[in-house]
Every structure is written in structure tokens, then in C-alpha cells.
Amino acid sequence: MKIGVFVCHCGSNIAGTVDVAKVAEEARKLPDVAFASDTMYACSEPGQDGIIEAIKEHNLDGVVVASCTPRMHEPTFRRTVERAGLNKYMFEMANIREHVSWIGKDKEANTRKAIDLVAMAAAKLTNDRGLTAKSFEINKRVMVIGGGVAGIQAALDCADGGLEVILVEKTSSIGGKMSKLDKTFPTVDCSSCILGPKMVDIAQHPNITLYAHAEVDDIQGYVGNYEITVNKKATYVDWEACTGCGVCTEKCPSKKSKDVFNEEIGFTTAINIPFPQAIPKKATIDPDFCRKLTSGKCGVCEKICPTKAIQFEQQDEKVAESVGAIIVATGYDLFDYTRYGEYGGGRYADVITSLQYERLLSASGPTGGHIKRPSDGKEPKNVVFIQCVGSRDKSVGRPYCSGFCCMYTAKQAILTKDHLPESQSYVFYMDIRAPGKMYDEFTRRAMEEYGTRYVRGRVSMIYPMGDKLIVRGADTLMGTQVEVEADLVVLAVGAEAAKGAPQLAEKLRISYDSYGFYMESHPKLRPVETNTAGVYLAGSCQGPKDIPQSVGQGSAAASKVLTLFSKDQLESDPQISEVNIKRCVGCGKCIETCPFGAIEEMDFRGEKKAKVIETICQGCGICTSTCPQGAIQLQHFTDNQILAEVNVLCQQTLQQSFE
Amino acid sequence: MSADAATELRIVGFLCNWCSYGGADTAGVGRFQQPTDLRIIRVPCSGRIDPLFVVKSLVNGADGVLVSGCHPRDCHYSEGNFYARRRLEALKSFLPILGIDERRFEYTWVSASEGQKWKTVVEKFTERIHELGPARKINAEMLAEAKAMFATV
């Protein structure tokens, strides 16, 4: 076998702390290595051309590139060797950047380590053989999980692109956080006026099936062919029959149900439609507060419903759906503001969250758009906004910046002046972060045109005095303590990962970071993909985002799905298990252990043998390490290939000790 | 190619592609400095790791073997890491029977985001191996002894 080794400088990223020329020189001494050189940027066009030339010139059978992590450029180099006429699996990578040059300062030690990694890759390559991908059909339907603005955008783009879309929303209406907003920054246009039409499009689009009040229960399968079970939670109302007329909500005597849409300022009826523009506009019964369901008495709604839609006996229903791709747009939750005890959130009625304030500002909110203090219903005069509540604060485990709080606070300060011209707003801030288009101008307007007083400093405590709240903090620009007599305090709460996000990630087999936000495949170059093929991310489930970013990402995820579905058949990854019929004794242990049910029993000349179902095998290799006979081998990660690497690393010491 | 025995020992790492290998990459991207003794072998899943690989490394002269996979319930292949845990736990109790100090073997869970944790894992394990010192290597004397034993059987 003739192997070519290419050691990449990666500019100074590798060459700075690894003697790349020495690595190439040592590589030349390895068995089977016919050619070795160092190259400035192996992944660049001249770098790749150099590899192709060398393959042709030296008639190479396989290539080792020592550069960055294979998670970055393995596909790039596989295509390169393929262009030179080799099988793309006759290629190995030695990770001498992330695992060597970037983590060690000692050049000599780094060079030794790099030489070892190259030798391991070359040893594995001598055991490699060419693999050929097979094709399989794809199911061109897509599931969008989450009906916020990112999910809505993704669903509409996919549906307009001709795909059949299944949109699953946990609550009884789509719209997400955006539907709760009064106005949006920096244009101050009405949130529901721009979101509303999109929500209606979802309801009316012939290609979209909407499951509201439903959750994803189980996900099986692989890219192109996912089998998903959706749990449609009981609404106790036949949504086919319900017209959303709202008569039931007027007559319901139980008025203590949590008004989730209005952020729990006030209550709603046990049977309710979350808000007037809800999609679908259907009634849902809250079983915890419905008198018929809790005590068996009442049933008023059933009597007056003109379409006889009430079904008290309704049960959760499981629906099976098959799709080829999944877009996750499950959004975020707000930080629990009661964790800041010194701000008195939860204790003082007039300390509220920004989203609650948003509902107070909204004409469709519980106060009809009039700003009233929750405690006594009076109009506030001094409104204090406190930023970074649950953002940029290590002490509450939220060291990251939530990104949009500076902007929505500026917006709310402006709106406060619009609603109450006599009022005065104060904003306690750490830094102003306004990096979007027209964003900085907007915060300046809040200060200069609307007279909002920005105080740089943290609030140390809030305490009541009479019917006022005293906000005590520091003004770090003035170097003094300040006290503000506030009528209303609004906490600009930060964003955190949605509750249950890790559980869904486990079902989807995608990674999440230490805060619960889903991890993209590459933070810069693959921002909407996950490491699971066919699963894409949109919106704040990946990290806090404002509306334009969420919409942009929703469209990006949709375009990824459309790209995936632009082919009728997908190529399967040939790095899957293969059974050696002669060795297989038909014990069935592999069948038992395979998590995907990808191995089945077959009859071979009257004997029981294992058989891999190629389209289902995911290439984990659990079967390979289970098989007592070594009969089932994961291609490209066979026992021989891995042991070849072990031998390079460890055999040496044995041989030396023989001397 | 041999490591300078005084400063560097031979530690073999078997890492799953999705979590721990990613975590090691994250540590690299974050420029978290680590000892250089460890060489990593990438496998698709910790469930792919045959205890044989660990034993073979140790018998052939590795001073330490570190296995790392996804956190329980966070496996890219649903449950590969549970298989790994069972096998490796069993292996741990067998190592002393093979005459291998079980402290030379360790398995951990590190996710792709935990670059800092990976650095700590590498540092701690390397430190432990250095405390244990180089593993006993098979030499001519031992081979002769083994041959003699066989002859008596």
C-alpha cells in the first residue's frame, strides 16, 4: 500500500507549536508511507490541489492529513481524495490542532505527539478498505416542533417550498413569546399585527397540519425516515366542532384558572381561548379548575355550546407521523425573577417582569392597554427598569448575556412615556448592548427624546415605603448611591433554556450545552444544523435571540430541509456494520443489543445468521463489541483498524523491552 | 518516536465521536493547556469500545487508559454509553486479576460543550498516572518465566 501524508501548518495555528517539517520527515519513515510533505493550508484550494497532484504523481492508495479535527474538515478531504479517483474512505485524519498545537506549549512534546497521531492514522489507513454508499428513499415531509415565530417562519417556508409540514405546538395556540408582545423594537410596530397574518397563514396553508396542545412523545428512525409519535393532550373540547365563538368562556363560572397568556396577571375561566387572535381559535378546558372535571357538578359550557363540542370524557390521543426531517424551534423560558430576593419579586405586587409589563401595555391585555399598578390599579408616575435580571450574573448560574433585554427595556421606556406623558422612567443598567441595525439609535432615542434616565449601576435592594417602592442602587458613573421612589418596578428578566429542553434533546439525540440550549453542529459555519443528520435548529432553543434573528434562523433551517429534500434519494453512510456469515454462529446477541433494531435474523442454508438492515444501522458499533465471535464488524471502525492504532501506540514499548 | 520516559508517559484515550471527542475539541478551541501524554483514538460510540482494546493497550505497555463517552441518557445512539458502563465496570474488576493496577484505567463522561471539564479530566488522570509511574513492561526475564511455567503444565 502507498500512503501519502500531508501535514498542515494551518498558518501558525499548528506550525507555531509543532515542528511540521519534522512530523512529515518522521512520517516518511513509516511503513507504507510513499510520500509525505508539509503544506501551508491543506484545506485551501492549492492545498487540496497539492493532495490531488501527489495522489496522481505517486500513485497513492490512501491519504493521511494531519491538521484540524475530523469533525471540521473530514468531509472536505474525503471529497478531495474522491476527486483524485480514490475511494473517499481511503482517508484518515490526524487531529494535530485541537488535540495538540492548541493545548500544549512545549514544541518538542507537541511534535512527538503529532508524529504519534500521524503514525496511528497511517496504521489505521493500512487496514482501511474502500466503502460504497447505498441510496435510499426519503420521506419528504417535515416536522416543526414549536410554534413560536421561528417555528412559524420555518413551517411557512417549508410549506411554500412544496413540502408537507407538521407543526407541533405545546400550548393551545401558536404564536409563542412574540404573540405576547405589545410592540417590537426598534420600529415600534405592533407585534400581533406583523405576526398575526403569519399565524393565519399557518392555519390556512394546505400543506400544513397543525397539532396545538400537543407534544412529541417518541422519535425513532434516521434522516429521511423518522417515525414520530405525537401526544395530543386532551382539550375536553372537540376541536373539529368548536367554532371559537367564545360563548362558553363567557358563561363559565370557574374564573380562577391561570391566565398563562397574560403571564398570570389575573385569572381566566376554566374553559378559555388563550387570546382573541389565537390560532387555532378553539376553546380548551383547564382540568385543574373545571368544576365538572374536579367535582362532577356544573357542565354549563356543555349545555350552552351551540355546536355540542364539549367532551368531558376526552382522553389524550397518540398520533403517528412519518417525516424525513425535523426542525426544532422550542424557544426559551424567562428567568425566574423571584430568585433575586433583594428585588422582592413575588413579594411586592408592584415588582413585575418585563413580559408582564408587556401585557399591561398591550391593548389586548388584561388592562386594555392602560398601565396600572397591580397592587391598587393606580397609574404609576415613576417607573424603574432593572436590567440583567438573570443575565450576566454568575451568582445565579446565568453568566451569559441574554441579548435582547437592553432593547426591550428601551422600547418599554419609550412606550411608558407614550402611555403616560407625565411619567418618568429610570433604567438601571450594566452596559447597553445594542448591536443590531438601528438598535443603538433606538436606545439613544429613549434617552434623548423620551427623557429616560439611564443609571449605570446595580440595584442593591428594593423595599416598600407607604404605597411606594424605594429602589436603592449605585450610580457608578457619578460614584454615588442613588435612591428612587418608584411606583412600579419592571425587571428585565433574561432568557434561559425552555423547561424540558434536555428531555427533548435526548429523544432527538442532539447535544445541549450546560445551560440546556441546543448545540449547533458548528458555532460559525453550521449554525442551524445539529450533529444528528436531518435535525435542524431554529430560534431561541439554540441560544437567546431576538425576533429578526429567530426569523432568519427559521428560514435558514427551512432552506436546509429543502436542500436535503432536493434529492429523491439520500446516500446512506456506508460506515455501518457488516456480518461475516462464516463466523456468525447465530447467537442473536447483536440483535438484542442494537438500539435501533437494525439487525434481524435470517436463514442461511438452514442456519440461523444475523443480517444488518443497512438503512437502519446508524454505525454505533455496539454490536461489534458485543459479538463473541467478532463476526459483525463496524466498517471503518473494525477491531483490526482500532487495534492497529493501539499497536502503534503501545507495541513499541513491548518491542523495546524485548531488546 | 518513543516518548521521553522521564517527562512523558503513554496514555491511550478512547473517545466517542459525539460527546467526548467534541469536548476535547472544545478544550482545544478554548486553548485549555493540557499535559501531552494522552493520545486519542476516536471511536463512534463508547459502546463500540471492546474491553479488549483497553486490555490490549495495557498489556502492550500503555501506562494508562482513559475512556470517555457521553453522559448517561445523552448518547447519540440512545444507549451505547450504558453498554460501555457495564462492560467497563466489569473490566475494572478484572484488571487486578490480569495483574494490572486498576488505577491505570478510568472512564468518564464528558459532553461536547465541556471543554473545561475535559481539561480537568486529562490533568487529573495524567497526574495519577505520573504518581503511579511507568507501568511494568514485559521483558525477556518475564517471558522466560512464563515459558518455564508453561513447560511445567
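Modeller: Domain bounds here come from an automatic or database domain assignment. Keep in mind that this is a predicted model.

Colleague: What separates the centres of domain 1 and domain 4 of chain A?
Modeller: The assignment places domain 1 at 3–131 and domain 4 at 335–496 of chain A. Domain 2 is written in three pieces, 141–228 + 320–331 + 498–566. Taken over C-alpha atoms, the centres of domain 1 and domain 4 of chain A are separated by 56 Å.

Colleague: Are α2(A) and α6(A) parallel, perpendicular or oblique to each other?
Modeller: Helix α2 spans residues 20–28 of chain A and helix α6 residues 107–127. Their axes lie 9 Å apart, at an angle of about 40°. Angles under 35 degrees count as roughly parallel, and 65 to 115 as roughly perpendicular. The two helices are therefore oblique.

Colleague: How many residues of each class make the contact of α2(A) with α6(A)?
Modeller: The crossing of α2(A) past α6(A) is right-handed. Lys22(A), Val23(A), Glu26(A) and Ala27(A) come from α2(A), and Thr111(A), Ala114(A), Ile115(A) and Val118(A) from α6(A). By class, the contact has two charged, one polar and five nonpolar residues.

Colleague: How do the residues divide by class where α7(A) meets α16(A)?
Modeller: Helix α7 (residues 149–160) and helix α16 (residues 547–564) of chain A cross at roughly 35°, and their axes come within 8 Å. This crossing is right-handed. From α7(A) the contact includes Val149(A), Ala150(A) and Cys158(A), and from α16(A) it includes Gly554(A), Ala558(A) and Leu562(A). The residues divide into one charged, four polar and nine nonpolar.

Colleague: Is Asp189(A) buried, partly exposed or exposed?
Modeller: Asp189(A) sits in strand β9 (residues 189–190) of chain A. Beyond its neighbours within four places in sequence, Asp189(A) contacts Asp182(A), Lys183(A), Thr184(A) and Ile194(A). Buried means under 20% relative accessible area, and exposed over 50%. At 29%, Asp189(A) is partly exposed.

Colleague: What distance separates the C-alpha atoms of Asp189(A) and Ile55(A)?
Modeller: Along the chain, Asp189(A) and Ile55(A) are 134 residues apart. Their C-alpha atoms are separated by 60 Å.

Colleague: Now chain B. How many residues of α1(B) are buried?
Modeller: Helix α1 covers residues 20–29 of chain B. Among its buried residues are Ser20(B), Tyr21(B), Asp25(B) and Gly28(B). The helix is largely enclosed by the rest of the structure, because the buried count is eight of the 10 residues.

How values were computed. Residues numbered from 1 in each chain as written. Chains lettered and ligands numbered in written order. Predicted model: local features only at pLDDT ≥ 70, side-chain atom pairs only at ≥ 80, totals over all residues. Heavy atoms only, no water. Axes fitted to C-alpha atoms, helices over the stretch in contact; angles between N-to-C directions. Helix = DSSP H or I, 4+ residues; strand = E, 2+ residues; numbered from the N terminus. Parallel < 35°, antiparallel > 145°, perpendicular 65-115°, else oblique. Left-handed = near helix turned anticlockwise from the far one by under 90°. Contact = heavy atoms within 4.5 Å. Nonpolar A, V, L, I, M, F, W, Y, C, P; charged D, E, K, R; others polar. Buried < 20%, exposed > 50% of the residue type's maximum accessible area, 1.4 Å probe, protein only.
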